[in-house]
Amino acid sequence: MHDLIIEAIRLGGYWGIFFLMVLENVIPPVPSEVIMGIGGVLVARGQMDFWPLLFWGTVGSTLGNYAWFWVGEKWGRNRLEPFIARWGRWLTVEWEDIDRAIAFFRKHGQWVVFACRFSPFLRTMISLPAGLARMNVWRFLIFTFVGAAIWNTLLIWGGTWLAGVIGQYESAAQWVIAGLVVVSLIWYGYRVITWKPRHLR
């Protein structure tokens, strides 16, 4: 199983990494920890190079986050609130969550965009209130790119270490990799199925 997952990412190459990282930041099912971690495995195997992997993975992260920033900046509250009310289940958020994120952003300042790159949930969530608050777009892109680059570097290094573990503990490693993917999908499915508006909780 783990070889199938690794091979699928290898066949996609750097463009595949780029696309998956964009997708990971627009919709939640597959986490960057899996994508870039497996990229690190491929670096250790000599099937990918560190710097192109880091660059395209980070550009993908930045573009995916910019998509939500753009929505917040261009749509504004009046257009976005009805959209969240209708489609919030699939995003597993509602407008009260957005309001709380906006308050958090305003309280802690624009550096929170950089800091949130290291949080599995907030790294995408913070982009929308940053756009709604009309953060300078270039500052947003720079903070996002630098934070994502640091995080992706750590994930690639972790993947290169994991490559050695895969070789030594074949059976356990395949369950770990497959388990991360399955748990991510189950978690998202559970969130969608059990999600309720705040007034019904």
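The structure is a predicted model, in which local features need pLDDT of at least 70 and side-chain atom pairs count only at pLDDT 80 or more, while totals for chains, interfaces and linings use all residues. Residues are numbered from 1 along each chain as its sequence is written, and side-chain values use heavy atoms, with hydrogens and water left out.

Glu24 is found in helix H1 (residues 2–26), where helices are DSSP runs of H or I with at least four residues, numbered from the N terminus. With a relative accessibility of 8%, Glu24 counts as buried; the term buried stands for under 20% relative accessible area, exposed for over 50%, and partly exposed for values in between (1.4 Å probe, protein chains only).

Helix H2 covers residues 32–44, and its 13 residues should span 18 Å at 1.5 Å a residue, which agrees with the 18 Å between its end C-alpha atoms; the expected span is 1.5 Å times one less than the number of residues. Because 11 of the 13 residues of H2 are buried, this helix is largely enclosed by the rest of the structure. Just after H2, Gly46 takes a positive phi of about 80°.

The largest nonpolar core has 16 residues, and those with the most contacts inside it are Ile17, Met36, Val43, Met48, Leu53 and Ile156. Such a core is a set of buried Ala, Val, Leu, Ile, Met, Phe, Trp, Tyr and Cys residues joined through side-chain atoms within 4.5 Å. H1, H2, helix H3 (50–91) and helix H8 (137–168) each supply at least two residues of this core, and its largest share, 6 residues, comes from H2. For Met36, leaving aside neighbours within four places in sequence, the residues in contact (heavy atoms within 4.5 Å) are Ile17, Met21, Leu53, Gly57, Asn152, Leu155 and Ile156. Apart from this core lies another, of 12 residues, with Leu80, Ala101, Met125 and Leu128 among them.

Which residues are linked in a network of salt bridges? Arg77, Glu81 and Asp99 are, and the count of salt bridges comes to 2, each being a side-chain nitrogen of Lys or Arg within 4 Å of a carboxyl oxygen of Asp or Glu. The two pairs are set out below.

| Salt bridge | Closest N and O atoms |
|---|---|
| Glu81 and Arg77 | 3.5 Å |
| Asp99 and Arg77 | 3.0 Å |

Asp99 lies in helix H4 (residues 95–108) and Arg77 in helix H3, so this pair ties together parts that are 22 residues apart in sequence. Glu81 and Arg77, by contrast, both lie in helix H3, 4 residues apart, about one turn of the helix. In an α-helix there are 3.6 residues a turn, so residues three or four places apart point the same way. Arg77 is partly exposed at 40% relative accessible area, Glu81 is partly exposed at 31%, and Asp99 likewise counts as partly exposed at 29%.

A search of the whole structure finds 11 aromatic pairs, in which rings of Phe, Tyr and Trp (its six-membered ring) have centres within 6.5 Å, with planes under 30 degrees apart counted as stacked, over 60 as edge-to-face and the rest as tilted. Phe50 and Trp51 form an edge-to-face pair, at 4.9 Å centre to centre and 85° between the planes, and Trp51 is exposed, with a relative accessible area of 63%. Trp111 and Phe114 form another edge-to-face pair, at 6.2 Å and 80°, and both lie in helix H5 (residues 111–115), 3 residues apart. Trp111 is exposed at 58%, whereas Phe114 is partly exposed at 22%. Together with Phe118, Phe143 and Trp151, these two residues form one aromatic cluster.
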